[in-house]
Amino acid sequence: MLDLTTIPDLRRWVRDHRQAGRRVALVPTMGFLHEGHLRLADEARRRADAVIMSIFVNPLQFGANEDLARYPRDLPRDRRLAEARGVDALFLPTETMMYPPGSEIRVVPGATGSRWEGAARPGHFAGVLTVVAKLFHLVEPDLACFGRKDVQQAILVRQMARDLDWPIEIVIVPTEREPDGLALSSRNAYLSPEDRRTALGLSAALREAHSAWAEGERSAEPIEARMRRTLAAFPTANVEYIAIADPVTLAPVARVEPETVVAIAARVGSTRLIDNIELGKGIE
């Protein structure tokens, strides 16, 4: 596995694979890899001949009072894990490389990025879309893999690729979970043992939503009410929102159908967690 630390090195790597007729997949990450990231690499490996993973803690997607400085980092461990899963190259840019002095152009989402996470974290999705757009431009992959846990991010990236006419297949990979249902996240490292138990309230509420749907409930309001009753058993989980939304636009819906997205965000201790399911699939 190669470490690519400059843009010219990256472009040479891409050029060599293109000239050999190989299909290239991109897996963008912020590092501190867990099994969810590695499943993205597995899917990329299955669909492509060459897999490149980027590791870059993107400052643009962090707000002024968020956790950029303490975001977990462990590049030697990330290298070992990525190589064991068949990643061919790591792209390891610096902040100055991605955002040179004077950089000011940003990719700003529309209505789909204004609600839910967009409302809770102003400017977050402009940061996400800008760095992904730069990676798409630099790598020009045939496909790129994103995790379903960040469902709004994945939907916005897919919309960006469509709106800006990038011929890139956007692959959304199911959420990877702990055996007890907690969605894997790099930020789980922040959770104390007590917080870890409280964090299970998110997946418990999503299971309750799916149970309501499976029992025949088709109105969003009573589904949300059942979720909130479940969350009452986890009183230290500070719920920021529950979203029951269209799977394409993420606009709120009053009636649910198969594939309707049910999403939740909550702060557990000092850690902000998100999770979601599609009705009809539940906790996979």
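In this predicted model, the largest nonpolar core brings together 33 residues, and Ile 52, Phe 91 and Phe 136 are the ones with the most contacts inside it. Several elements give two or more residues to this core: the helices α1 (7-19), α4 (95-98), α6 (124-139) and α7 (151-163), together with the strands β2 (24-29), β3, β4 (89-91) and β5 (143-147). The greatest contribution is that of α6, which supplies ten residues. Apart from this core lies another, made of 24 residues, with Leu 191, Leu 202, Val 268 and Ile 277 among them.

Once its neighbours within four places in sequence are left aside, Phe 136 is in contact with Leu 26, Pro 141, Ala 144, Phe 146, Val 157, Met 160, Trp 166, Ile 168 and Ile 170.

The protein chain holds nine helices and nine strands. Its C-alpha atoms fill a box of roughly 55 × 40 × 40 Å along the principal axes. The radius of gyration is 19 Å, and because a compact globule of 284 residues would have a value near 19 Å, the chain agrees with that expectation. Of the 284 residues, 51% are buried. Among contacts with a separation of 6 or more, 72% are between residues 24 or more positions apart. The exposed surface comes to about 13,000 Å², with carbon and sulfur atoms supplying 50% of it. As for charge, there are 37 positive and 39 negative side chains, and the centres of these two sets lie 1 Å apart.

Beyond residues up to four places away in sequence, Asp 78 touches Gly 31, Phe 32, Leu 33 and Ile 55.

Gln 61 sits in the loop between β3 (50-55) and α3 (75-84). With a relative accessible area of 10%, Gln 61 is buried as well. Its contacts, leaving aside neighbours within four places in sequence, are Met 30, Glu 66, Arg 121, His 124, Gly 127, Val 128 and Val 131.

His 34 belongs to the loop between β2 and α2 (35-47). The cut-off for buried is under 20% relative accessible area, and His 34, at 19%, therefore counts as buried. Not counting residues up to four places away in sequence, His 34 touches Leu 184, Ser 185 and Ser 186. Along the chain His 34 and Leu 81 are 47 residues apart, yet their C-alpha atoms are separated by 8.6 Å.

In the loop between α4 and α5 (117-120) is Trp 116, whose phi is near 50°, a positive value in a residue other than glycine. Trp 116 has 19% relative accessibility and so counts as buried. The loop between β7 (237-245) and β8 (261-268) contains Leu 250. The phi of Leu 250 is near 60°, again positive in a residue other than glycine, and Leu 250 is buried, with a relative accessible area of 2%.

Not counting residues up to four places away in sequence, Arg 115 touches Gln 152, Thr 249, Leu 250, Ala 251 and Pro 252. At 23% relative accessibility, Arg 115 counts as partly exposed. Arg 115 and Gln 152 are 37 residues apart in sequence, and their C-alpha atoms lie 9.4 Å apart in space.

Methods
Residues are numbered from 1 along each chain as its sequence is written. This is a predicted model: local features need pLDDT of at least 70, side-chain atom pairs count only at pLDDT 80 or more; totals for chains, interfaces and linings use all residues. Side-chain values use heavy atoms; hydrogens and water are left out. Helices (H or I, at least four residues) and strands (E, at least two) are DSSP runs, numbered from the N terminus. Buried means under 20% relative accessible area, exposed over 50%, partly exposed in between (1.4 Å probe, protein chains only). Contact means heavy atoms within 4.5 Å. The radius of gyration is taken over C-alpha atoms; the globule rule is 2.2 Å times the number of residues to the power 0.38. Accessible areas come from the Shrake-Rupley method with a 1.4 Å probe; for residues, only the protein chains shown count as cover. Lys and Arg count as positive and Asp and Glu as negative; His and the chain ends are not counted. The place of a charge is taken as NZ of Lys, CZ of Arg, CG of Asp or CD of Glu. A nonpolar core is a set of buried Ala, Val, Leu, Ile, Met, Phe, Trp, Tyr and Cys residues joined through side-chain atoms within 4.5 Å.
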